[in-house]
Amino acid sequence: MDEESVLIRLTRDQAFVLSHWLHEVMMRSDKLGGIVPDRAVWSGIHAISGTLETTLPEVFLPDYARRLDEARQRLLDATGGEEADEMPPKGPPAGDDTTG
């Protein structure tokens, strides 16, 4: 098994918002199995989540909700300001013929 590490770079805002989402999915809503049915993927998800949690002091600050909202807004502003439910649906991956 290849144990060489891979470095992933995120902005602090990206890391903070991703950490919150992972926490919601993994710990609070117990939805990880429905979102990611391949349990082999969970190892990487847990590693990312644990790293973010131990790296970001924001997750322990009393104004967490305000900081999260501000980080989300900066990310939305940087990407055109669209919420996910406002964005047009994405088509199938290249080469994926779903028409049968």
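How do the residues of the lining of the largest pocket divide into nonpolar, polar and charged? The reply comes after a look at the whole chain.

This is a predicted model. The protein chain has four helices and zero strands. Read from the N terminus, its elements run α-α-α-α. The chain holds 100 residues, and 20% of them are buried.

The largest pocket has a volume of about 430 Å³. It is lined by 16 residues, and those closest to its centre are Val-6, Ile-8, Ile-48, Thr-51 and Leu-52. The lining comprises nine nonpolar, five polar and two charged residues. That settles the opening question. Two helices, H1 (12-28) and H3 (39-55), each supply at least two residues of this lining. Helix H3 gives the most, with six residues.

Next comes the core. In soluble globular proteins, nonpolar side chains tend to be buried together. Here, the largest nonpolar core has 15 residues. Phe-16, Leu-32, Ile-45 and Leu-56 touch the most other members. Helices H1, H3 and H4 (64-78) each supply at least two residues of this core. Helix H1 gives the most to the core, with six residues.

Take Ile-45 as a way in. Setting aside residues up to four places away in sequence, Ile-45 touches Leu-22, Met-26, Leu-32 and Val-36. Leu-32 is also among the core members with the most touching partners.

Is Leu-22 buried or exposed? Its relative accessibility is 6%, so Leu-22 counts as buried, since the limit for buried is under 20%. Beyond residues up to four places away in sequence, Leu-22 touches Met-27, Ile-45, Ile-48, Ser-49 and Leu-52.

Ser-49 is the next stop. Ser-49 belongs to helix H3. It counts as buried because its relative accessibility is 7%, and buried means under 20%. What does Ser-49 contact, leaving aside its neighbours within four places in sequence? Its partners are Leu-22 and Met-26. Ile-45 touches Leu-22 and Met-26 too.

Last, turn to helix H4, where Leu-68 is found. Leu-68 has a relative accessible area of 7%, so it is buried. Which residues does Leu-68 touch, not counting those up to four places away in sequence? They are Phe-16, Val-17 and His-20. Phe-16 has already been named as one of the core residues that touch the most other members. Leu-68 also has a marked spacing to Glu-58: the C-alpha atoms of these residues, ten apart along the chain, are separated by 8.5 Å.

Notes
Residues are numbered from 1 along each chain as its sequence is written. This is a predicted model: local features need pLDDT of at least 70, side-chain atom pairs count only at pLDDT 80 or more; totals for chains, interfaces and linings use all residues. Side-chain values use heavy atoms; hydrogens and water are left out. Buried means under 20% relative accessible area, exposed over 50%, partly exposed in between (1.4 Å probe, protein chains only). On a 1 Å grid over the protein atoms alone, a cavity is a set of points where a 1.4 Å probe fits but cannot get out, and a pocket is an open set with protein on both sides within 12 Å along at least five of seven lines; lining residues have an atom within 4 Å of a point. Grid points are joined across faces, edges and corners, and a volume is the space filled by probe spheres set on the points. Ala, Val, Leu, Ile, Met, Phe, Trp, Tyr, Cys and Pro count as nonpolar, Asp, Glu, Lys and Arg as charged, and the others, Gly among them, as polar. A nonpolar core is a set of buried Ala, Val, Leu, Ile, Met, Phe, Trp, Tyr and Cys residues joined through side-chain atoms within 4.5 Å. Contact means heavy atoms within 4.5 Å.
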